[in-house]
Amino acid sequence: MSKSISLTLKIWRQSGPEVQGRFDIYPAKDISTDMSFLEMLDVVNERLALEGQEPVAFDHDCREGICGSCGTMVNGRAHGSLKGTTLCQLHMRHFADGDTLVIEPFRARAFPVIKDLVVDRSAFDRIIQAGGYISVNTGSAPEANSLPVPPANAERAMDAAACIGCGACVASCPNASAMLFVSAKVSQFALLPHGRPEAARRSRDMVRAMDGCGFGNCSNHRECEKTCPKEISIVNIARLNREYYKASFISPES
């Protein structure tokens, strides 16, 4: 049965990248437990607008857990404390009446704050541009059985391809590492035959792009795996390391 709760929100406000930010406190009254977290922020923003105050800026798009646009730290956890859930799928029934929620943007040098809870995640785009694609022209789609793929590899590739690039792995890592994201994008191709011709170039160029964006190194804390809304495994990081080591023995011209 639906009920209403009231919360205290401690929200990070920052009007621009070069402006010093601060936490402001807002009441969130009569919030339906059927609402998603983003719908709750919508209600708070509507009330702020009616009071003549600046609404809180936050990222969102599909609100179906597949676009990777939404994402904030809720009480120190990326997307909140619920496992395998994006922020838009987090519902207010998981909070108690009277709770205080600390809401802030993802913190990483490679994710500079644009405004309030909005961060610039274009570093992920630059990593994908460096090699997260297949450039071979294949023409029309091949017949399904003409290129045999072991079922286990197909499943692993699909699991890796589930990554939505939300950045929770970076925000959760003590070193702000993007290894889980990069390894998922490398694995989804490395496990399939059509990804092998460019495997060496892909892993080498994507890792170089990752380092150039200012992400830290993986130190096996496994916080990325724990907070990933799509539950991407760090097994993919081991695969990325193998792919990168193999690529290091191949000339850059390959």
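1. Two residues are in contact when heavy atoms lie within 4.5 Å. Among such contacts between residues at least 6 apart in sequence, 70% join residues at least 24 apart in this protein. The model is predicted.

2. Overall content and extent come next. The protein has 8 helices and 7 strands. Its C-alpha atoms fill a box of roughly 60 × 45 × 35 Å, taken along the principal axes. The chain counts 254 residues, and 49% of them are classed as buried.

3. Helix α1 covers residues 37–50, which is 14 residues. From the first C-alpha to the last α1 reaches 20 Å, close to the 20 Å expected at 1.5 Å a residue. After α1 comes G52, which has a positive phi, near 80°.

4. Which residues of α1 are buried? They are F37, L38, M40, L41, V43, V44, N45 and L48.

5. Helix α5 (residues 179–190) packs against helix α6 (residues 199–212). The angle between them is about 165°, and their axes are 11 Å apart. Angles over 145 degrees count as roughly antiparallel, so α5 is roughly antiparallel to α6. The crossing of α5 past α6 is right-handed.

6. On the α5 side of this contact are M179, V182, K185, V186 and F189, and they meet R202, S203, M206 and M210 of α6. Sorted by class, the contact of α5 with α6 consists of 6 nonpolar, 1 polar and 2 charged residues.

7. Helix α5 also has a contact with helix α8 (residues 235–247). Here the axes come within 8 Å and cross at roughly 70°. An angle from 65 to 115 degrees counts as roughly perpendicular, and α5 and α8 are therefore roughly perpendicular to each other.

8. What does α5 bring to the contact with α8? The α5 residues are M179, L180, V182, S183, A184, V186, S187 and A190. Facing them in α8 are N236, I237, R239, L240, N241 and E243. By class, the contact of α5 with α8 holds 8 nonpolar, 4 polar and 2 charged residues.

9. One further point concerns residues of α5 that take part in both contacts. M179, V182 and V186 are among the α5 residues that meet α6, and M179, V182 and V186 are also among those that meet α8.

Note on methods
Residues are numbered from 1 along each chain as its sequence is written. This is a predicted model: local features need pLDDT of at least 70, side-chain atom pairs count only at pLDDT 80 or more; totals for chains, interfaces and linings use all residues. Side-chain values use heavy atoms; hydrogens and water are left out. Helices (H or I, at least four residues) and strands (E, at least two) are DSSP runs, numbered from the N terminus. The expected span of a helix is 1.5 Å times one less than its number of residues. Buried means under 20% relative accessible area, exposed over 50%, partly exposed in between (1.4 Å probe, protein chains only). Axes are lines fitted to C-alpha atoms, for helices over the stretch in contact, and angles run from 0 to 180 degrees between N-to-C directions. Angles under 35 degrees count as roughly parallel, over 145 as roughly antiparallel, 65 to 115 as roughly perpendicular and the rest as oblique. A crossing is left-handed if the near helix is turned anticlockwise from the far one by less than a right angle, and right-handed if clockwise. Ala, Val, Leu, Ile, Met, Phe, Trp, Tyr, Cys and Pro count as nonpolar, Asp, Glu, Lys and Arg as charged, and the others, Gly among them, as polar.
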